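Here are a few notes to go with the model you are about to open. Have a look at it first, then read on.

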Amino acid sequence: MTTTTTTTPDVTVTVIVFNDAARLPKAVASLRAQTHANIEIIISDDHSTDDTPTVARQLEAQDERIRYLRLPENSGGCSAPRNRAIDIARAPYLMFLDSDDELPANAVELLLAAHREREVDFTMGAVRRVRVDNGRRTTWMPHLVAERRTVEGIDADPRLLFEHLSTSKMYARSFLDRHELRFPEGIHYEDQLFSAQAYCLARAFTIIPDPVYVWYIDPYAAAASASISNQRHKVQNVQDRVNVQRMIDDFLVESGHAGLREDKDYKFLKHDFRMYAGDLPYRDEEWLRAFADIMNPYLETLSPGAYARLPRPERVVLELLREGRLEEAGCAARGLGHGVAPRQVTADASGVPYWGDSVPSDDRARRELEVSDLELDTRPFPSAQFRHEITELTPGPGASLTLSIRTYDPGLRLPVGPQRASLILSPGNRRMTVPFRLNPIRPGLFEGEVRLDLTQAPLPLQGFAGVRHPLIRLQQQGLSNSGLLLAPLSFPTLTARIEYRSGAAPHELTIEPEGRNPGRLQLRWRPVGVTARVIRPVVKRVARPRIRKAVKLLSSVLR
């Protein structure tokens, strides 16, 4: 280990790493580029078995601010490497970074300035999330970090319990030591417990709206390398999350913050449970039973007020799960967040509608499954809720498909008789509209068939690389309504090569179920051949308006 400078650093930033030799240099580079240079960088290695030790020692040799710490054995989590680094950190302020993420160049400067402006226990800022697959950038919990403010204790804004990341904050070392606050070892979701404790123990903390952390999200990471939060397919992952929630509940009582319980329970239902809810349609019966066995006893302990704050579709999924109606819970979960109607509602003698094919028999079920607030029968037609499902998908010649579609109309918004409908798809700069007819089967249920020829999709001259999900459009009295098209949850992936523009713009097209979220029909275009090698690189270099206009003209000629 090289000798570090004798100057006391202002801030120690710990990078935790395990078998991540490829990404570690980029994370460390973001620290070496900080505008506030007087920092200490500790690479805390949880006993990696790849090239991480070699890479870390090379980085240590390049910069006297870097110290390499290797744990004698693997701890299996984030807590131990962070805690061992806290033990040797020399600065009065501490930050944490994961090896697959980065800090913006001025993160340390901004958070340290907030500490120096006013004495607080920690400072925190915005987290910029970047999708690895498509580069899309969003801000994590933007409403909580929208303005600069100092919060005098978590009771002043319990919503902050949603922002449970330890990495978005700079802590005063004296605060952590005064309360003997360290990361809990031997458990997963340690950030949630640590952050809840920090919020409750802090007398004051300052929030700044500036980005101070870059969190890279890889939703399609291989299961073996996925982050803990992306391993929801493991039953043990469910158990770990519930265990941490129980520990937080105990701490709230012990620390005199029992009054936060409803806010904390709402956070669990709205964030933690909601993540699993979206996965329910894709789990087998054995997994669902195990999930219910773990989750339901904990759900029984939560505040009724927390349930009452949820949107109705989420309350329906929770109630179906608690009643053991697991298949129905998966069906209801496919519409979460997308305005998808239930297949059926049943009204009691007074006309109150309930989710499903029967009126609930007990008070809680009637309270949770009542769907009056969905306004299925009164919403303006453009926002009315329907449910469109593909019941059969038949490949045709080339890149054509025939889709059998069933539309559920539980609010009876559509008049009796055939309905005009269209399938809408927009992979390029023009919309592809395929009209078809929905025929009545009985009140509230329609079926139809549409043939989709994907060789006719209007792609731009430079081709198209991306994913699209078709929509179903209904029309009534001059108004239109567009809704998701749900695919069968499993069907063989279909792949075809399409020679757009007589072979001048070839693409590979993949047709598949979405495999996540509501489970829409998913179409993926990938430019190949001359499109990928020549056309796209040339068009990307075109920047001048006059040339862009010429490209558009050429594109219209070649259609």
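At what angle do helix H7 and H9 pack, and how far apart are their axes?

1. The angle between H7 (residues 235–254) and H9 is about 5°, and their axes lie 10 Å apart. Axes here are lines fitted to C-alpha atoms, for helices over the stretch in contact, and angles run from 0 to 180 degrees between N-to-C directions. H7 and H9 are therefore roughly parallel to each other (angles under 35 degrees count as roughly parallel, over 145 as roughly antiparallel, 65 to 115 as roughly perpendicular and the rest as oblique).

2. Who meets whom there? On the H7 side the residues include Val235, Val238 and Val242, and on the H9 side they include Trp287, Phe291 and Ile294. Contact means heavy atoms within 4.5 Å. By class, this contact has 10 nonpolar, two polar and two charged residues (Ala, Val, Leu, Ile, Met, Phe, Trp, Tyr, Cys and Pro count as nonpolar, Asp, Glu, Lys and Arg as charged, and the others, Gly among them, as polar).

3. A word on the source: this is a predicted model, where local features need pLDDT of at least 70, side-chain atom pairs count only at pLDDT 80 or more, and totals for chains, interfaces and linings use all residues. Residues are numbered from 1 along each chain as its sequence is written, and side-chain values use heavy atoms, with hydrogens and water left out.

4. Now turn to H9 (residues 285–299) and H11 (residues 312–322), which pack at about 110° with axes 10 Å apart. That makes H9 roughly perpendicular to H11. Phe291, Ala292, Met295, Asn296 and Leu299 of H9 meet Leu318, Leu321 and Arg322 of H11. These residues divide into six nonpolar, one polar and one charged.

5. In helix H1 (residues 24–32), the buried residues are Leu24, Ala27, Val28, Ser30 and Leu31 (buried means under 20% relative accessible area, exposed over 50%, partly exposed in between, with a 1.4 Å probe and protein chains only). They sit on the same side of H1, because they cover an arc of only 150° around the axis. The buried residues of H1 pack against strands S1 (11–17), S2 (39–45), S3 (66–70) and S4 (93–98), and against helix H2 (52–62).

6. Last, Leu479: you'll find Leu479 in strand S19 (residues 479–486). At 40% relative accessibility, Leu479 counts as partly exposed. Leaving out residues up to four places away in sequence, Leu479 touches Phe381, Pro382 and Leu474.

Terms used:
Helix = DSSP H or I, 4+ residues; strand = E, 2+ residues; numbered from the N terminus. Arc of directions from axis to C-beta.
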